[in-house]
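Please find below a short note on the structure. The points are numbered so that they can be followed beside the model.

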Amino acid sequence: MRVQNFKDNKHDAQKFYHTDTFFNTFKAWITMNDWNDNNGPLMYLKNSHLLNFKRIILEYINSIDYSFRAKNLSKKKRNIIASWRLSKNGKKDKVYDKEAIKMNFKENCFIFANTHGFHRRGNAKENTIRETILISVRENPFSI
Ligand SMILES: [Fe+2]
């Protein structure tokens with residue numbers, strides 16, 4: 001995967017704090033170049049993968065919101081809105097950044113993260129590139 005940041009990755013859908021899905025799911029990255037403050041470090045809200053009463057309520061509210069918004073959309077568009085943002089337009093992300101762990105990595109690192117936790121691709125400078133090999137593991141929790 002090659003992420004090229006044209007205009008400070010303003011239109012990057014991964015730039016806002018989000019959870020990939022409502023259950024534990026894992027992603028791994030192998031960095032093909034350094035990840036740093038120039039091309040977008042990994043930002044992760046510590047312990048946000050944990051299940052607690054507040055998170056259960058948030059997931060419930062999100063599921064209702066999703067069911068209304070997804071009603072008349074194509075399957076492709078439903079998938080796009082399925083990953084939930086902490087704030088609709090990312091305006092609160094600066095507040096969350098204060099609590100987040102910012103992770104920079106050297107080339108050839110193996111990173112493994114539970115993307116049920118809230119995370120985002122960090123801010124990047126214009127005309128920078130972040131290259132990775134992405135491995136995503138997601139199993140349907142309801143399959144028998
Ligand atoms: Fe994600």
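How many aromatic pairs does a search of the whole structure find?

1. The search finds six aromatic pairs. Rings of Phe, Tyr and Trp (its six-membered ring) pair if their centres lie within 6.5 Å; planes under 30 degrees apart count as stacked, over 60 as edge-to-face and the rest as tilted. This is a predicted model, in which local features need pLDDT of at least 70 and side-chain atom pairs count only at pLDDT 80 or more, while totals for chains, interfaces and linings use all residues. Residues are numbered from 1 along each chain as its sequence is written, and side-chain values use heavy atoms, with hydrogens and water left out.

2. The ring centres of Y17 and Y96 are 6.0 Å apart and the planes stand at 80°, so this pair is edge-to-face. The pair links distant parts of the chain, 79 residues apart: Y17 is in the loop between β1 (2–5) and β2, and Y96 is in helix α3 (residues 93–97). Helices (H or I, at least four residues) and strands (E, at least two) are DSSP runs, numbered from the N terminus. Y17 and Y96 are both buried, that is, under 20% relative accessible area with a 1.4 Å probe and protein chains only.

3. W29 and W35 also form an edge-to-face pair, with 6.0 Å from centre to centre and 70° between the planes. Both W29 and W35 are buried. R130 lies over the face of W35, at 3.7 Å from the ring centre; for Arg, this requires CZ within 6 Å of the ring centre and within 35 degrees of the ring normal.

4. T132, in strand β9 (residues 128–137), is buried, with a relative accessible area of 5%. Its contacts (heavy atoms within 4.5 Å) include W29 and W35, as well as M1 and I30, not counting residues up to four places away in sequence.

5. Strand β9 belongs to an open sheet of four strands, in the order β1-β9-β3-β7, with antiparallel pairing; two strands pair if DSSP finds at least two bridges between them. β1 and β7 (110–114) stand at the edges with a single partner strand each, so one side of each has no neighbour in the sheet. β1 and β9 pair over four bridges.

6. Which residues coordinate the iron ion? The donors (N, O and S atoms within 2.8 Å of the metal) come from H18 (NE2), D20 (OD) and H119 (NE2), at 2.1 to 2.2 Å. H18 in strand β2 (residues 18–19) and H119 in strand β8 (residues 119–121) are 101 residues apart. Both H18 and H119 are buried.

Notes:
Donors are N, O and S atoms within 2.8 Å of the metal (3.2 Å for Na, K and Ca); water is not among the atoms, so sites may look incomplete. Buried means under 20% relative accessible area, exposed over 50%, partly exposed in between (1.4 Å probe, protein chains only).
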